[in-house]
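Try each task before you read its solution.

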Amino acid sequence: MRSIPIATACTIYHKFFCEINLDAYDPYLVAMSSLYLAGKVEEQHLRTRDIINVSNRYFHPGSDPLELDSRFWEIRDSIVQCELLVLRVLRFQVSFQHPHKYLLHYLVSLKNWLNRYSWQRTPVSITAWALLQDSYHGGLCLRFRAQHIAVAVIHLALQAYGVEVPAEAEAEKPWWQLIVPPRPGMRFHVFSEDLTKPTIDNIVSDLIQIYTMDTEIP
């Protein structure tokens, strides 16, 4: 799956369990249905058979694909019925604004702004993208605006490699509120004028908690 359908599937999953108790439904079935539904929403249609086979391989590593027997059809019917349940619980609101497009836009602007050597020697863009992908392991996507998450993962990536944004030290505002010099054909803009440092700290803290949670999963 591409990045956006995966993000949509994760958001559907987290949003569903914000409405429904985690013990009420099988989370693995909801996960399969979320993938199936996200494929439709983002026009990257997935076959239920592929979803079932991947899920089966997860539970039974090295196993062969399921035969098209009664058990397979029972799982398939469960996915379809669960998809309808998810849609009803979410009141058919399954289209979301993700941080990905903002992240790409901000990274392009930073690349033109930063020292070329600093940009080339540190994988800031790769790290920021990885952090964004990992953020969907938790409910960050439900609690914070897409633009704010995009800035926060860049902020964390810059900190991780000790990269400083030129002119920030002398400026009265942090880099995400500075006016970015435009490229040809583009107007001056700021990354996120309403974003505050405490909000970034909250996003980063929640992201670190996700990594802590992952290490505790048996």
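This is a predicted model, so keep that in mind as you go.

**Exercise 1. Classify the ring pair of F59.**
Decide whether F59 is buried, partly exposed or exposed, then find its aromatic partner and name the geometry.

*Solution.* 
Step 1: F59 has a relative accessible area of 42%. Buried needs under 20% and exposed over 50%, so F59 is partly exposed.
Step 2: The structure holds eight aromatic pairs. One of them joins F59 to Y28, with 4.8 Å centre to centre and 70° between the planes. Planes over 60 degrees apart count as edge-to-face, so this pair is edge-to-face.
Step 3: Now place the partners along the chain. Y28 sits in helix α2 (residues 27–41) and F59 in helix α3 (residues 48–59), 31 residues apart, and the pair thus links distant parts of the chain.
Step 4: Y28 has 43% relative accessibility, so Y28 is partly exposed too.

**Exercise 2. Compare with a pair inside one helix.**
Work out the geometry of the pair Y102 and Y106 and say how the two residues are spaced in their helix.

*Solution.* 
Step 1: The ring centres are 6.3 Å apart and the planes make 40°.
Step 2: With a relative accessible area of 16%, Y102 is buried. Y106 is buried as well, at 3%.

**Exercise 3. Describe the packing of α3 and α4.**
Which angle do the axes of α3 and helix α4 make, and how far apart are they?

*Solution.* 
Step 1: Two packed helices are described by the angle between their axes and the distance between the axes.
Step 2: For α3 and α4 (residues 70–89), the angle is about 110° and the axes are 10 Å apart. The angle makes α3 roughly perpendicular to α4.
Step 3: On the α3 side, T48, R49, I52 and N56 make the contact; on the α4 side, R71, F72, I75, R76 and I79 do.
Step 4: Sorted by class, this contact has four nonpolar, two polar and three charged residues.

**Exercise 4. Step back to the whole protein.**
How many helices and strands are there, and what share of the residues is buried?

*Solution.* 
Step 1: The protein has 10 helices and zero strands.
Step 2: Of its 218 residues, 43% are buried.
Step 3: The protein exposes about 12700 Å², of which carbon and sulfur atoms supply 54%.

Methods. Residues are numbered from 1 along each chain as its sequence is written. This is a predicted model: local features need pLDDT of at least 70, side-chain atom pairs count only at pLDDT 80 or more; totals for chains, interfaces and linings use all residues. Side-chain values use heavy atoms; hydrogens and water are left out. Rings of Phe, Tyr and Trp (its six-membered ring) pair if their centres lie within 6.5 Å; planes under 30 degrees apart count as stacked, over 60 as edge-to-face and the rest as tilted. Helices (H or I, at least four residues) and strands (E, at least two) are DSSP runs, numbered from the N terminus. Buried means under 20% relative accessible area, exposed over 50%, partly exposed in between (1.4 Å probe, protein chains only). Accessible areas come from the Shrake-Rupley method with a 1.4 Å probe; for residues, only the protein chains shown count as cover. Axes are lines fitted to C-alpha atoms, for helices over the stretch in contact, and angles run from 0 to 180 degrees between N-to-C directions. Angles under 35 degrees count as roughly parallel, over 145 as roughly antiparallel, 65 to 115 as roughly perpendicular and the rest as oblique. Contact means heavy atoms within 4.5 Å. Ala, Val, Leu, Ile, Met, Phe, Trp, Tyr, Cys and Pro count as nonpolar, Asp, Glu, Lys and Arg as charged, and the others, Gly among them, as polar.
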